[in-house]
Amino acid sequence: MANFFAMGGYAVFVWPAYAVTFLVLITAVVLSLQSYAQARKSVRQLEEEGSGTEDTR
Amino acid sequence: MITALANPKRFLDLSRIVSPWTCAFAVILLCAGFYWSLFATPPDYQQGQSVKIMFVHVPAAWMGIFVYSVMAGASLVGLVFRHPLADVAAKSAAPLGAAFTALALLTGSLWGRPMWGTYWQWGDARLVSELILLFIYLGYIGLWNAIDDPVRAAKAAAVLALVGAADVPVIHFSVDWWNTLHQPASILRPGGPTIDKSFLVPLLIMILGYTFLFLWLLLLRMQTEILERRARSLMMARGA
């Protein structure tokens, strides 16, 4: 196991490369999901408000 | 097919069906790919275990170019046919392409230090043309943000994307045209791949996984963009 983590002496290059990959890919997923949820929420709110004001008129 | 997809409503309906599949494929392929490349590949006879970086570097570099081709293609369709979804696709792809390109540069630099003795080399054609690709992506995103009118922004950004497309063949052939530290192509070359199967198969799985991840995120971001435009027009209708 320690052998695996040592990566034949290249641990300081291999693990940062995988770490930055995970970080960037996960960030891309999280940001995309967040902005989707946000956009969906604001459209829903606007549509509800829109129909609400029409009802009261 | 393309004209049918031009309708945002139909696009939203279709992408709601396709999205979960692209997401599932991405998760399965990436799990298999990461496991395979980390635990089930042998060390290279010259590079030792540093070759593990290849499995995250090559797919990122491939995606940087693939996403740019999608973006430039969509920009062309947007300019020529005024396809309403083409601009949305190009705009949604750009940040993903920039992320992949940044990853290619970072992982490449971490691979270059042990193999070439340097993290970075100014004047190296492959390295610099890849950095230029990142700057083109950032310029493209900046242009969208700088122009308020979406129609004008789409036009200006599309022109930039098409001009910048000249960098794509330069990146691909830089290893043949100039003396560079970077090795020549070992997969997309006349005569077939020169890379051993024990590396090629997990590498291709990773490339497919990255591609499906991109497709999923592209659909998600396009849906987001359409919703944001809808929100904006609802706001304007309310203000009027």
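This is a predicted model: local features need pLDDT of at least 70, side-chain atom pairs count only at pLDDT 80 or more; totals for chains, interfaces and linings use all residues.
**Whole complex.** Colour chain B by pLDDT and you're looking at a mean of 93, with 97% of its residues at 70 or more.

**Where the chains touch.** Now select the contact between the two chains: chain A brings 24 residues and chain B brings 30 residues. Look at the chain A side of it, the part touching chain B, and you'll find 16 nonpolar, 6 polar and 2 charged residues.

**A loop in chain B.** Next, pick B:D44. You'll land in the loop between α2 (8–39) and α3 (54–81) of chain B.

**A helix pair.** Last stop: select residues 84–116 (helix α4) and residues 125–146 (helix α5) of chain B, whose axes come within 9 Å and cross at roughly 150 degrees. Angles over 145 degrees count as roughly antiparallel, so that is how α4(B) and α5(B) run relative to each other. The crossing of α4(B) past α5(B) is left-handed.

Show the side chains where they meet. On α4(B) you'll see, among others, B:K91, B:P95, B:G97 and B:L105; on α5(B), the residues include B:E130, B:Y137, B:I141 and B:W144. By class, this helix contact holds 14 nonpolar, 2 polar and 2 charged residues.

Definitions and conventions. Residues are numbered from 1 along each chain as its sequence is written. Chains are lettered from A and ligands numbered from 1 in the order in which they are written. pLDDT is the predictor's confidence in each residue, from 0 to 100. Two residues are in contact if their C-beta atoms, placed from the backbone, lie within 7 Å. Ala, Val, Leu, Ile, Met, Phe, Trp, Tyr, Cys and Pro count as nonpolar, Asp, Glu, Lys and Arg as charged, and the others, Gly among them, as polar. Helices (H or I, at least four residues) and strands (E, at least two) are DSSP runs, numbered from the N terminus. Axes are lines fitted to C-alpha atoms, for helices over the stretch in contact, and angles run from 0 to 180 degrees between N-to-C directions. Angles under 35 degrees count as roughly parallel, over 145 as roughly antiparallel, 65 to 115 as roughly perpendicular and the rest as oblique. A crossing is left-handed if the near helix is turned anticlockwise from the far one by less than a right angle, and right-handed if clockwise.
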